[in-house]
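Morning, everyone. I have a few local features to go through, so let me put the model up.

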Amino acid sequence: MHSRNDYLIKHKLYQYLLPGILMTVAMQLGNTVDSILVGNALDYNAVSAIQSTVPALFLMQSPAFLLGAGGASVAAVYLGKRDIKKASRTFSATLVFGILISLVFVISAPFLSSPIARILAVTDELTALAQPYIFVNMAGLPFLIMAIILSNYINVDNNPKLGCTMFIIANAVNLSLDYYFLYYTDLKMYGAALSTIIGYGVGLIIIIPYAMSKRRMLKFKLKNVFDFKLLAESSKTGLSAALVLVMKAINNLVLNIIVINVLGQSMFGIYSICINSVFFAELFAGGILGLIPTIAGVLYGEKDYFGIRVLAKKVAVISCIVISVLIGIFMAVPNLFTIMYGLDDPELLPTAEVCLRIFSICFLPYAFNKFMQNYYQTILNPFLASLNTILQGFIISVPVSLIMLNLFGVYGLCLSMFVSEVLTVLIVTIVRIIGQNKKKFPQKGILLIPDKDSGNYVDCTICGNEEDSVELSKKLIDFCVNNSIDKKTANIVGIAAEEITANILKYGYTDKSRNYIDVCLSKLDEKLILRIRDDGIPFNPTEYRQEDEGSGLMTGGINLVRSMSSAFKYMRTINLNNTIIEIKLSTN
């Protein structure tokens, strides 16, 4: 037996890492290739028309991120607390209201698509191209909103690969139909938008087996869809995710108009390439940082602060490595990206390459801000998450961009992204520290969780043999005795922990060479809380009774705990077995 190690958390991070990155790649790459196909099949004006619709598309998608990201974070915390009913009610309420909101857009599409296109596209030529694109996206919004909301919940419900597969299939169908509609039909911009809607419709089909499965934790309950308290909690938590899109919409609208009027169309083209290069930071770091709501939410609900620290450290290290490599590529060969976006004017290339080098240094603080937004949203601190989003998306970025544009031209404009990202980090950090000093935020440090050595608990990892289970039992009994807990209760806790871990080691792993179990016993509010976590095959000790002893399972101590515990729960969260035992202590 050893002090608590980080094996299970790291293993879970790596298990979710590839699906998370692939899902982000599928979403981002689909949008990029979509624009390339439109530009080649029609002309560059069609690409400009699509770009002009971006603010409207962001605003239409924002309810999905508000309810999906927020609801999934809230559900993850409830799952960590072993409250499956509230997690399922959150899922049901946010899904139904997301669909209802999307139906409002469907009804209004014939009436609003033309006025919106006219406002955003400005010229008659671009308006004619933008209107059908906006109309189809509004009419098919339920498919996209359902996909976004469900993907968030699927990840929380132990199925990261399914969410990833859904987006990969959706975008594969989207791009295939794009090619067909654009080159072999007269649908043109209608086809460009229709391919996206059909793609997400097909993607939703593959999750039907998941929806029908009895093994999933999150159940759809129609009678719970009007739980406005949970809707408010989910909306409050997901506000920062929705604000990202809203701020991007406003930012794009304001800066695009100003830049093209101040610098002219050529320099605006260079600026557009720089802005689009953020796609590469999102492509890799976004998938890594997106794991925070999925894993940290459950850990936070369990009050596993050690696990949260491990997760945050690993995510930060991996993100920094990936972003540093990306910056190095931009510094070394910026011409790769100018070629990719079709810039071949020899007079503009030197300026574009310098701008890309300058702009790329913003990727690191940009990723740090994304980390804070995801993390604070996950631990249900929407104020700091929303503050970061608003500062990053508009309040800091727009004034800084305008000042540096006027002082240093296009080079200053590119550098402004780095300056605004750093200022956002500093301001949010100052606000957090002031709030902590005034006791408005819990604990110290950036993670807002208890210090490493605080709390009355014993936290350890056993690995691989029954002798460790015996040693664990002795350690837990000693902890109880040292905390003035009666000998009978201490012995029962020790025996139960020994039996559960011994059963897991014996029956829970096919690979006997590697089996780690995290065990934590804490005394909190006149209760003993025993948490046992492993990554073996599903093993639910709460389902076993005395008669199971004939099968070789040890259940005597478990039955004693069941008889005297106030809560004896098992749940499979983030593909880990989690057993929680709570015992109320006598106050006499």
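Which hand does the crossing of α5 and α7 have? It is left-handed. Bear in mind as we go that this is a predicted model.

Let me stay with that helix pair. Helix α5 covers residues 141-156, and helix α7 covers residues 189-205. Their axes are 9 Å apart, and the packing angle is about 45°. So α5 is oblique to α7.

Who makes the contact? On the α5 side, Phe 143, Leu 144, Met 146, Ala 147 and Leu 150. On the α7 side, Ile 197, Tyr 200, Gly 201 and Leu 204. Look at the spacing in those lists. An α-helix has 3.6 residues a turn, so residues three or four places apart point the same way. By class, the contact of α5 with α7 holds eight nonpolar residues and one polar residue. Charged residues: none.

Next, Ser 360. This serine sits in helix α16, residues 349-360. Buried or exposed? Ser 360 is buried, at a relative accessible area of 0%. The cut-off for buried is under 20%, so 0% qualifies. What does Ser 360 touch, beyond its neighbours within four places in sequence? Ile 327, Phe 330 and Met 331.

On to helix α17, residues 363-378. That is 16 residues, and at 1.5 Å a residue they should span 22 Å. The end C-alpha atoms of α17 are 22 Å apart, so the two values agree. α17 is also mostly covered, with 14 of its 16 residues buried. After α17 comes Leu 380, with a positive phi near 60°.

That brings me to backbone angles. Most residues other than glycine have a negative phi.

Leu 448 is not a glycine, yet its phi is about 55° and positive. Leu 448 lies in the loop between α19 (397-437) and β2 (457-463). Its relative accessible area is 2%, so Leu 448 is buried.

Ser 484 also has a positive phi, near 60°, and is a residue other than glycine. Where is Ser 484? In the loop between α20 (466-482) and α21 (487-507). Ser 484 has 70% relative accessibility, so it counts as exposed.

Terms used:
Residues are numbered from 1 along each chain as its sequence is written. This is a predicted model: local features need pLDDT of at least 70, side-chain atom pairs count only at pLDDT 80 or more; totals for chains, interfaces and linings use all residues. Side-chain values use heavy atoms; hydrogens and water are left out. Helices (H or I, at least four residues) and strands (E, at least two) are DSSP runs, numbered from the N terminus. Buried means under 20% relative accessible area, exposed over 50%, partly exposed in between (1.4 Å probe, protein chains only). Contact means heavy atoms within 4.5 Å. Axes are lines fitted to C-alpha atoms, for helices over the stretch in contact, and angles run from 0 to 180 degrees between N-to-C directions. Angles under 35 degrees count as roughly parallel, over 145 as roughly antiparallel, 65 to 115 as roughly perpendicular and the rest as oblique. A crossing is left-handed if the near helix is turned anticlockwise from the far one by less than a right angle, and right-handed if clockwise. Ala, Val, Leu, Ile, Met, Phe, Trp, Tyr, Cys and Pro count as nonpolar, Asp, Glu, Lys and Arg as charged, and the others, Gly among them, as polar. The expected span of a helix is 1.5 Å times one less than its number of residues.
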